[in-house]
Structure formats: structure tokens, C-alpha cells
Amino acid sequence: MNTPLVVSTRMPVRTDGLRAPVIVAPMCPVSGPGLVVASCRAGLVGSFPLRNARTPWELASGMDEIHAGLAGLVHARWAASMIVQRDYARFEDELALVLRYRPPIVLTALGSPRRVVAAVRDYGGAVFAEVISVEQALKAAFAGADGLVLVRGGSEDPSPLAMIDEVRTFFSGPLAVGGGFVTGRDVRAAEVLGADLAYVGGRFGACAEAAVDSPVSGSVDSSVDGLVDGSAGVPGGIVRAADPDLASALTGLPLGWVAEGWPADGADRAPADEVAGQVVAEYHAAVAAESGV
């Protein structure tokens, strides 16, 4: 794709207060308010898909929990991931709660970000659109997205890393990538290739603060980015669950993507701040290695 147009945004890349340029990925169904708060308090961007809440009332309660948990925290940034497709039944309810609780970042999936850009900008928030192709990235940029998140929609879709160069020919705003990023070294590699932020998923899905009452409880094998990244339900790797059949039924994932893992009781799980510390240390070690420090 060749275009002479340069689409930029008014939104700077805000990394002040972050210990590393990491968004703890919005994972279905284990991301929730507890993981958001723990991630932000660990110096990363916490996020969760709004559809993880079973009802608007449960969602409002979760957002109350986030606000209370982040009270007094300077530079706290969290992201609400929402579906924006036209036939999504809860769109209006979720948008109303977004406008009430004002998450600093709104991640959009399965549709044009145009539906929420003006409303989110009115309260000072930023809209990052998840896209799975360069064509979608261009459309989202022209729709007014403040940032883009390049994710992989399926095995035949291009790698997010492979899209960065072309996207940068027309988009100069904040750019995140997701899918398969596990370590701080992975995050630094994405940054070197032109991204500003990266989703890290599965390691955090196995944290003590994950939604352990879910039948999908976390990734046993941190060599893949387990669980599901984003409201779009894009698989980042193999899901580990106590009950694979039930997890497949609830998430809509093919059973082949679900493997038996540990029980969802939260036992022997590292807290999010410990996992964040590992990722941050890996990231800074990679940065230091480049300069020979």
C-alpha cells in the first residue's frame, strides 16, 4: 500500500510514570478490576475487556473498584477494551459507563473507533483501535483513532511486527503491538522496530489477581502468550483451563486451543507486582545490553 498522506494525532505517547512500555493485555475472560489495579500499581498500563462483566451493574461495580484502588496514584493509566461493532447489544450501556468513569485509554475492537472517538476525547481520554491489517489501520487512523494496536487475527494474518513499517508511513501517533509478547526483551524488540507499547498477556493471566473464579484460569506455559488478547477474542496462544470443555464453550475458542491446566483456585500464583518486576527487569536489561552497560 502506498499513500502520500501522513495521518498524525494530537495525542503524544504518554509513558511518564510507566516502568516499562507495557499494556497488560485485556484477556477474556480472566482480566478484571483486581488485575487492572495491580498492574497500574506495578507501573504498567492495566486493562480489561468490558464484556468480561456479566451485566452492566457488575461492570459499574468493577469500575468503582478500579477507581478506589487507584486513588492517590499519580500517572495511573488504565484501559477499558470495548466492542464497537454495530450489532453489539451492550454498546450503549458500556459507553455510558465509560463516560461516567473516564478510563484514560479506551481500546476498541471489531469495528470503527469513530463511534467513540468524540465522546472519549471530550473528557480527555484517548482511543486506541485494535486492527489486524494495514488496511484496517489506515481506516482507523482516518476515523480519528488517537493510537493503534496491531494484533494478529488468525494464523494467516500478518505478524503485527511486520506491519509496523508500513503503518508508520501514514500514522505518527502512539502504536502498540500485541500477540505473543511474553518477556521484557520481547517488548524492547517491538520498541526497536517502531512500536511505542506492547501487550503482554499470559504471564499476567496466571497472576493471583486474575479472575480466578473463571473456568479459564491462566497460562501454565509462559513460553507462549496464553489466554485471549483483546475484546476481539484474538487468541494469543494456548489457553490453560481447569475444565477445557467448559472453557471452550464459554469463550467460543476451538477446543484445540484449550489445554488442561491447574485449578482456578489461585493457589501458588505470583502476585502481579512480582511478575511486573520480572518483565520490567528484562526490559531494562535489554536496553542496557544495547549500550553495553
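The side chain of Arg188 makes a polar contact with the side chain of Glu191, at 2.7 Å. A polar contact is a pair of N or O atoms within 3.5 Å; within protein, one must be able to donate a hydrogen and the other to accept it, and residues adjacent in sequence count only if both atoms are side-chain atoms. The model is predicted: local features need pLDDT of at least 70, side-chain atom pairs count only at pLDDT 80 or more, and totals for chains, interfaces and linings use all residues. Residues are numbered from 1 along each chain as its sequence is written, and side-chain values use heavy atoms, without hydrogens and water.

Arg188 lies in helix α7. Its relative accessible area is 17%, so Arg188 is buried (under 20%; exposed is over 50%, partly exposed in between; 1.4 Å probe, protein chains only). Beyond neighbours within four places in sequence, Arg188 is in contact with Tyr283, Ala286, Val287 and Glu290 (heavy atoms within 4.5 Å).

Helix α7 spans residues 184–192, and Gly184, Val187, Arg188 and Ala190 are buried there. They cover an arc of only 160° around the axis, which puts them on the same side of α7; the arc is taken from the directions from the helix axis to the C-beta atoms. Helices (H or I, at least four residues) and strands (E, at least two) are DSSP runs, numbered from the N terminus. The buried residues of α7 pack against β1, α6, β8, β9 and α10. At the start of α7, a side-chain oxygen of Thr183 comes within 3.2 Å of the backbone nitrogen of Arg185. Just after α7, Gly194 adopts a positive phi of about 120°.
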